[in-house]
Amino acid sequence: MKSVRHSDDGRQDAAPSEAQALSEAEKSREALVEDTLLKNYQTYYHLALSYVHNEPDASDIVQNGAYRAMRASLQLKNGDYVETWVYRIMLNEIFRFVKSPAKRETSWEDLLADGFDRGANDTYLEVDLQGAMNRLSPDEQAILELRYFEDRKLEDIADILDVNPSTVKSKLYRSLSKLREILQ
Amino acid sequence: MSKQDKRNLEWERFAAERFGDEKKAYEAPQMSDEGYAKMKAAIERAKQENRAQREAETHGPSVPETPIDVESKTLGKVETLKSSTKKRAKNPTKRSAWKRASLAVAAVFALLILLPNTSATVAHAMGTVPGLGKLVSVITFRDYSYHDAYDSAEVHVGEIGVNENAKADKQVKQNAKQSAQEINAEVQKLTDQYVKEFQANLADEGYQDMLVKSENVLTTDNYFTLKLIAYEGAGSGSEFDRYYTIDLRTGKRLKLQDLFRDGADYIAPVSKEIKRQMKAQMAADPDVMYWLDSDVSAWNFKAIDADTEFYVNAKGCLVISFDEGKVAPMYMGVVTFEIPDRVIDGIRK
């Protein structure tokens, strides 16, 4: 499905009190965040899916993240960082989902299920990449995916995850070596 | 090139290869039309709430406050999140600018109000008293809700009360009222603690994800059990479950020892059964782990005690519950063990 830019002419004709409720600056912040969401939602969806492995949950995560980002858009002061900012909100939403007790059963079962790939001719259990990734911690998985699937620079990843670039680098290599071990 | 650099290069090559292969599979799934529509709807909802919030700030609240009694507290908007002074390694200018952007004033809803249990109210209005005959039930809820870009809290906790129309002795009803009061006080204390800590940590970096909610536990006709789930997700995340039980025959709170004959040793047989189940589960599934024979003997489960969390399920069986990390590694979550009747038949009351 294409990323459709929805025009919101209809909504400009809101009741007078509504139109005045937000300042021009706030309206533009909202629009900025909305645009970012509509442009990049498939990316957030892919990220979410790589953790939860089912469409409804991945969709829920993106929805919740979108809601949260729009509500928080009033506070966004620096438009230059909106993409990174929304990314961070989406990742937090994913982490929140993966760690929440309400969802714990699903994600734990998924982790167990995806840990092993039943190959008929294998003399030992072979693990596929997705399964191996799920064995890492949520942020290690995020670093790998942002780097190799989303092609983000280490600096950007550091901003998104709110850590030092050197931390990202060392976590990256550490998780790569873990990955190699699991996949070997 | 140093040894470490060589290794890193090797890993990078390995990664580029493996991930390159996987990228197509990763990018293939597309969000469904339904999912997309729901996302648009969520965006719209947020926009409306933004306007409503600004409206409320300039013109006063437009939503009439629910009639509530004096115990409710309405917290105002949470004010400024203080900018963090955490050190940054590189590009301090760029990073602090962004920090300021994202940690600016977070004025979002934070309400702590008492809501009537609307399903109970509706049922009553329709001529049926909810839980007809039930001595104890949840009559109101205390709610707290806070959401911003990084922090999230949801509190939805029931307060219990005694049904005046229930068929029971006056003494039983009196006992029940006292039990309900005690339980409500304990639950409120715990809830307030979580909320207070949550609010105190709002200025910190990192995210918080707090949840406190209550559930009615399905149990036999003899008992009413309220389960309280408290969870704080910052860092590794941790869940506590608490069970509050009232014996409906006496109106008194049920302690674990009350299930057994006076003086009977219930600790030994129950503990032994739990260990048996732990061993069996670990043997059946290598990913299940309990602290039973670990190297850290202090962590190993030895026995339950009089204060161990428990409840009686709908089958009438005793269920023991342990908080995360208590008898098993944290990843196991909260663990429960149903104790079969044959284990404690001889000593059950």
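**Close-up views of a predicted two-chain model**

Buried residues make up 44% of the 349 residues in chain B, where buried means under 20% relative accessible area, exposed over 50% and partly exposed in between, with a 1.4 Å probe and protein chains only. This is a predicted model, in which local features need pLDDT of at least 70 and side-chain atom pairs count only at pLDDT 80 or more, while totals for chains, interfaces and linings use all residues. Residues are numbered from 1 along each chain as its sequence is written, chains are lettered from A and ligands numbered from 1 in the order in which they are written, and side-chain values use heavy atoms, with hydrogens and water left out.

**View 1. Overview of chain B.** The secondary structure of chain B comes to seven helices and nine strands, taken as DSSP runs numbered from the N terminus (helices H or I, at least four residues; strands E, at least two). Its accessible surface is about 19000 Å², with 54% belonging to carbon and sulfur atoms; the areas come from the Shrake-Rupley method with a 1.4 Å probe, and for residues only the protein chains shown count as cover. Of the contacts in chain B with a separation of 6 or more, 63% are between residues 24 or more positions apart, a contact being heavy atoms within 4.5 Å.

**View 2. Strand β4 of chain B and its partners.** Strand β4(B), residues 208–217, is mostly covered, seven of its 10 residues being buried. Strand β3(B), residues 151–162, runs parallel to β4(B) and is joined to it by six bridges, with Asp151(B) standing opposite Gln208(B); two strands are said to pair if DSSP finds at least two bridges between them. β4(B) also pairs with strand β5(B), residues 223–232, here in the antiparallel sense over eight bridges, and Lys213(B) has Ile229(B) of β5(B) as its bridge partner. β4(B) and β5(B) form a hairpin with five residues between them.

View 3. An open sheet with antiparallel pairing has the strand order β7-β8-β9 in chain B. Because β7(B) (309–312) and β9(B) (335–339) stand at the edges with a single partner strand each, one side of each is left without a neighbour in the sheet. Neighbouring strands of this sheet are turned by 25° against each other on average, direction ignored. Five bridges join β8(B), residues 318–322, to the antiparallel β9(B), and Ile320(B) stands opposite Phe337(B). Helix α6(B), residues 267–284, lies across β8(B) and β9(B) and runs at about 120° to β9(B); axes are lines fitted to C-alpha atoms, for helices over the stretch in contact, and angles run from 0 to 180 degrees between N-to-C directions.

**View 4. Surroundings of Val343 in chain B.** Val343(B) lies in helix α7(B), residues 341–344. Leaving aside residues up to four places away in sequence, Val343(B) touches Pro269(B) and Glu273(B). Val343(B) and Val270(B) are 73 residues apart in sequence, with 7.3 Å between them in space, C-alpha to C-alpha.

**View 5. The crossing of helices α9 and α10 in chain A.** Chain A has 10 helices and zero strands, and buried residues make up 54% of its 184 residues. The axes of α9(A), residues 154–161, and α10(A), residues 165–183, come within 8 Å and cross at roughly 105°. The two helices are therefore roughly perpendicular to each other, a term for angles of 65 to 115 degrees, whereas those under 35 count as roughly parallel, those over 145 as roughly antiparallel and the rest as oblique. Leu154(A), Glu155(A), Ile157(A) and Ala158(A) of α9(A) make the contact with Pro165(A), Val168(A), Lys169(A) and Leu172(A) of α10(A).
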